[in-house]
Structure formats: C-alpha cells, structure tokens
Amino acid sequence: MTLVLDSSALFSMQDLPGEDCVTVPGVWDELRRHKDPRAAYWGGLLRTASPSDEALAVVRGAAEDSGDQGRISSTDSELLALAWELKAPLLTDDYSMQNVARAIGVRCIAVGAEGIRKVWRWRYRCQGCGRSEESDLGDCPVCGSRMRSVRKR
Ligand SMILES: [Zn+2]
C-alpha cells in the first residue's frame with residue numbers, strides 16, 4: 001500500500017511505516033532546509049512525486065468550498081492532490097488538511113494512529129554539558145559547545 005506523508009508526519013516519526021512512502025518535493029526540501037538528520041537517514045526509502053494539474057484543481061476547489069484555502073500551503077495542496085491521484089491514504093496531523101481530504105474522499109491517518117509508530121522525537125544534546133533541547137540551536141545556550149541530534153525514545 002502506498003502512503004502519502006506530510007511534514008507533520010515526517011517530523012514526528014522515527015521510522016517510515018514500512019510501506020511505499022511518498023511525499024512531494026516541497027516537504028523533502030523542508031527536511032533538508034532544517035538539516036534534519038532524517039533526510040539522510042530516509043534518503044533511499046522515501047520517494048517524491050508531484051501531482052497533476054487536474055488533481056491540484058480538485059483540491060483547490062474543495063479548499064475554497066470548505067474555507068480552508070487560506071490555511072493550507074501550496075505544499076499542503078500538492079500533498080492532498082497527490083493522495084487523491086494515487087488513491088492513497090494521507091498521513092497528517094493537520095486539521096485543515098484532514099478537512100479538505102474528507103471533502104475530496106482522501107482517507108487520512110493521524111500520526112500516532114494504530115499501526116503508525118510515533119515512538120520518539122529527535123532531540124539535541126550538548127556534547128559539552130549534556131543539556132538537551134527540543135530544537136536544533138546549533139550551539140548550546142549554556143556552555144557554547146556543539147549540539148548533536150539524538151534519538152529519544
Ligand atoms: Zn552545553
């Protein structure tokens with residue numbers, strides 16, 4: 001089974017759900033822009049695809065009808081369109097995307113739902129004093145040492 005994953009799904013999962021996982025190039029760029037360690041980790045496992053103009057038009061129409069057009073980004077629209085086109089479920093925690101998905105008949109799976117593992121988030125640990133942060137600050141705010149990403153269960 002093919003699964004379409006949005007960035008909220010990708011940013012909160014340790015492992016891909018072990019299916020044929022697809023996302024749009026915009027999400028992949030976002031992972032790389034944040035220097036997310038998973039971009040390297042998942043490089044060979046996650047494929048990217050772009051939706052057709054027809055699928056995008058379906059999403060745009062539904063988002064206008066539901067009033068979500070201002071709340072979903074162009075990347076979000078592409079993800080919805082791709083899921084619609086592939087007839088694949090969309091893994092997302094975003095309420096507006098779930099709303100539009102329902103309107104166009106795309107099944108949504110919430111991150112953390114049964115079968116989808118959400119076991120840990122990445123954390124960043126200082127190599128000097130051991131301080132741990134949720135986000136990548138580059139250097140430790142306490143001692144100035146470099147922070148490294150670590151997996152936290
Ligand atoms: Zn430190």
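Two strands count as paired here if DSSP finds at least two bridges between them. The model is predicted.

## Overall make-up

The chain has 153 residues, and 40% of them count as buried. Its secondary structure comes to 6 helices and 8 strands. From the N terminus the elements run β-α-β-α-α-β-α-α-β-α-β-β-β-β. Contacts between residues at least 6 apart in sequence show how far the chain reaches: 55% of them join residues at least 24 apart.

## The parallel sheet

Strands of a sheet pair through backbone hydrogen bonds, either parallel or antiparallel. Here 5 strands form an open sheet, and the pairing is parallel. Their order is S3-S2-S1-S4-S5. S3 and S5 (108–109) stand at the edges, each with a single partner strand, so one side of each has no neighbour in the sheet.

S1 covers residues 2–5 and S2 covers residues 20–23. The two pair in the parallel sense over 3 bridges.

Valine 4 stands opposite leucine 90 in S4. Leucine 5 stands opposite leucine 91 in S4. In a regular strand the side chains alternate between the two faces of the sheet.

## Helix H5 against sheet and helices

Which strands does H5 lie across? H5 lies across S1, S2 and S4, and runs at about 170 degrees to S1. H5 also packs with H4 and with H6.

Two packed helices are described by the angle between their axes and the distance between the axes. The table gives both for the two pairs.

| Helix pair | Axes come within | Crossing angle |
|---|---|---|
| H4 (residues 53–66) and H5 | 8 Å | roughly 115 degrees |
| H5 (residues 74–86) and H6 (residues 95–104) | 11 Å | roughly 30 degrees |

Angles of 65 to 115 degrees count as roughly perpendicular, and angles under 35 degrees as roughly parallel. H4 and H5 are therefore roughly perpendicular to each other. The crossing of H4 with H5 is right-handed. On the H4 side, the residues in contact are Glu54, Ala55, Leu56, Val58 and Val59; on the H5 side they are Ser77, Glu78, Leu80, Ala81, Trp84 and Glu85. By class, this contact of H4 with H5 has 7 nonpolar, 1 polar and 3 charged residues.

H5 and H6 are, by the cut-off above, roughly parallel to each other. H5 passes H6 in a right-handed crossing. Asp76, Leu79, Leu80 and Trp84 of H5 meet Met97, Val100, Ala101 and Ile104 of H6. The residues of this contact of H5 with H6 divide into 7 nonpolar, no polar and 1 charged.

## Leucine 82, within H5

Is leucine 82 buried or exposed? Leucine 82 is found in helix H5. Its relative accessibility is 2%, and the limit for buried is under 20%, so leucine 82 counts as buried.

What does leucine 82 touch, neighbours within four places in sequence aside? Its contacts are Val4, Val22, Thr23, Val24, Ala49, Ser50 and Pro51. Val4 is the valine that stands opposite leucine 90 in S4. Leucine 82 and alanine 55 are 27 residues apart in sequence, yet their C-alpha atoms are 7.1 Å apart in space.

Lysine 87 sits in the loop between H5 and S4 (90–91). Lysine 87 is not a glycine, but has a positive phi of about 50 degrees. Its relative accessibility is 76%; exposed means over 50%, so lysine 87 counts as exposed.

Methods. Residues numbered from 1 in each chain as written. Predicted model: local features only at pLDDT ≥ 70, side-chain atom pairs only at ≥ 80, totals over all residues. Heavy atoms only, no water. Helix = DSSP H or I, 4+ residues; strand = E, 2+ residues; numbered from the N terminus. Axes fitted to C-alpha atoms, helices over the stretch in contact; angles between N-to-C directions. Parallel < 35°, antiparallel > 145°, perpendicular 65-115°, else oblique. Left-handed = near helix turned anticlockwise from the far one by under 90°. Contact = heavy atoms within 4.5 Å. Nonpolar A, V, L, I, M, F, W, Y, C, P; charged D, E, K, R; others polar. Buried < 20%, exposed > 50% of the residue type's maximum accessible area, 1.4 Å probe, protein only.
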